[in-house]
Amino acid sequence: MFPRHLYVHVPFCARRCTYCDFSIAVRATVPVDAYVAAIDAELRLRFPAEQRWELDTLYLGGGTPSRLGPEGVARLLGRLQDRVALAPDAEVTLEANPDDVSVQAVSAWRSAGVNRVSLGTQSFDDRVLSWMHRTHDAARAAQAVTIVRDSGIDNISLDLIFALPTTLERSWQTDLARAVALAPQHVSLYGLTIEHATPLGRRAARGDVVEAPEERYESEFLRAHAAMADAGFDHYEVSNFARPGRRSRHNWAYWSGAAYTGIGPAAHSFDGLIRRWNVAPYERWRRLLAAGDDPVGGSEALTDANRMTEAVYLGLRTVSGLRLSDAELRSVRPWIQAGWAELAADSRVVLRAPGWLRLDALSQSLTAARSL
Ligand code: SF4
């Protein structure tokens, strides 16, 4: 059985955002031919030609997939569909930078099969966007939403980053209101953490920037929960909000433990038992494929203990919750009394927003109890 979910990593970015530690390749001119040829080679490695493999979800992530340009995205999707078939209602997501959105680009993406666009908006404050070293400004981001929608793709997700350093004096409430006013179907939140090997990490090491205190992280997370609920969004996963029927089906597959395949540099795959990942540097990945070699960089077989730990963590991070034994139900009673969780049907415990702020600690406590 082939997985029904495919992730394709497109590593190219115009420049590196200050906070970003993703596996990217900064290129002024994107090597579309070389990239698509390497993807083609990896597809031939992973999927036998004699069998068309049907997908429920296809996700082009990065990096910045929209940097491939309208033609490049269409060529990539065409090449993918030489090997895989999209189910009639398949969700096909493209991550896009607002700067790459134009009527012509969205029209090409749509013709190629894209039906969901995830825009890296991050903030609607130009000072903040400049501090992040984003290439776009707030007006461009708002315009991109309008263009995507008017060009016929009505499933739009916006990314927002919260818990920025206090000295920036960013108004989180204003950013939330501006995001809601653009009427997206989905919003993903990212709490800023300053990673050592990033431009921001180097500034922090010099003492030029200080991570937001935990209280700010917590208050902004809870404020987002309240604002998005008021606007009719379902907080369905710790960091994600959706209008009814507009959850990310691709990400839901990850959170529900489904098998998936990832291709491209640094992409991860999971077959239910073994997780494997490709080498991360773009040139290394490309050269291995050009030489006829497998670009896999490592793998791990999940032990029973690993699987149990993941099941607990994944269960608690979504509104599906986790089914508990009678003894476990007794042990989570204090969570319910504290307002961190609620009991749902089938003896499931489901975390609420204050509980999601304690997700790591609560899942560790349940995992420890199950390990005894
Ligand atoms: S656009 Fe995204 S992937 Fe590229 S550098 Fe910025 S945060 Fe990283």
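The following legends describe close-up views of a predicted model.

**View 1. Strands β7 and β8 pair in parallel.** Strand β7 covers residues 156-162 and strand β8 covers residues 186-191; six bridges join the two. Between the two strands, the chain passes through helix α6, residues 172-181. This β-α-β crossover from β7 to β8 is right-handed.

**View 2. Strand β8 also pairs with strand β10, in the antiparallel sense.** Strand β10 consists of residues 240-242, and three bridges connect β10 with β8. His186 has Ala242 in β10 as its bridge partner. Strands of a sheet pair through backbone hydrogen bonds, and the pairing may be either parallel or antiparallel.

**View 3. Three strands form an open sheet with antiparallel pairing.** The order of the strands is β15-β17-β16. The edge strands are β15, residues 322-323, and β16, residues 341-344, each of which pairs on one side only. Strand β17, residues 348-351, is joined to β15 by two bridges in the antiparallel sense. Within this view, Arg323 stands opposite Arg348, a residue of β17.

**View 4. Cys13 and Cys17 are buried.** Cys13 has a relative accessibility of 9% and therefore counts as buried, the cut-off being under 20%. Cys17 counts as buried because its relative accessibility is 12%. As for disulfides, a pair of cysteine sulfur atoms must lie within 2.5 Å, and by this rule the count is zero.

How values were computed: Residues are numbered from 1 along each chain as its sequence is written. This is a predicted model: local features need pLDDT of at least 70, side-chain atom pairs count only at pLDDT 80 or more; totals for chains, interfaces and linings use all residues. Side-chain values use heavy atoms; hydrogens and water are left out. Buried means under 20% relative accessible area, exposed over 50%, partly exposed in between (1.4 Å probe, protein chains only). Two strands pair if DSSP finds at least two bridges between them. Helices (H or I, at least four residues) and strands (E, at least two) are DSSP runs, numbered from the N terminus. A crossover is right-handed if, with the strands pointing away from the viewer, the path from the first strand over the helix to the second runs clockwise.
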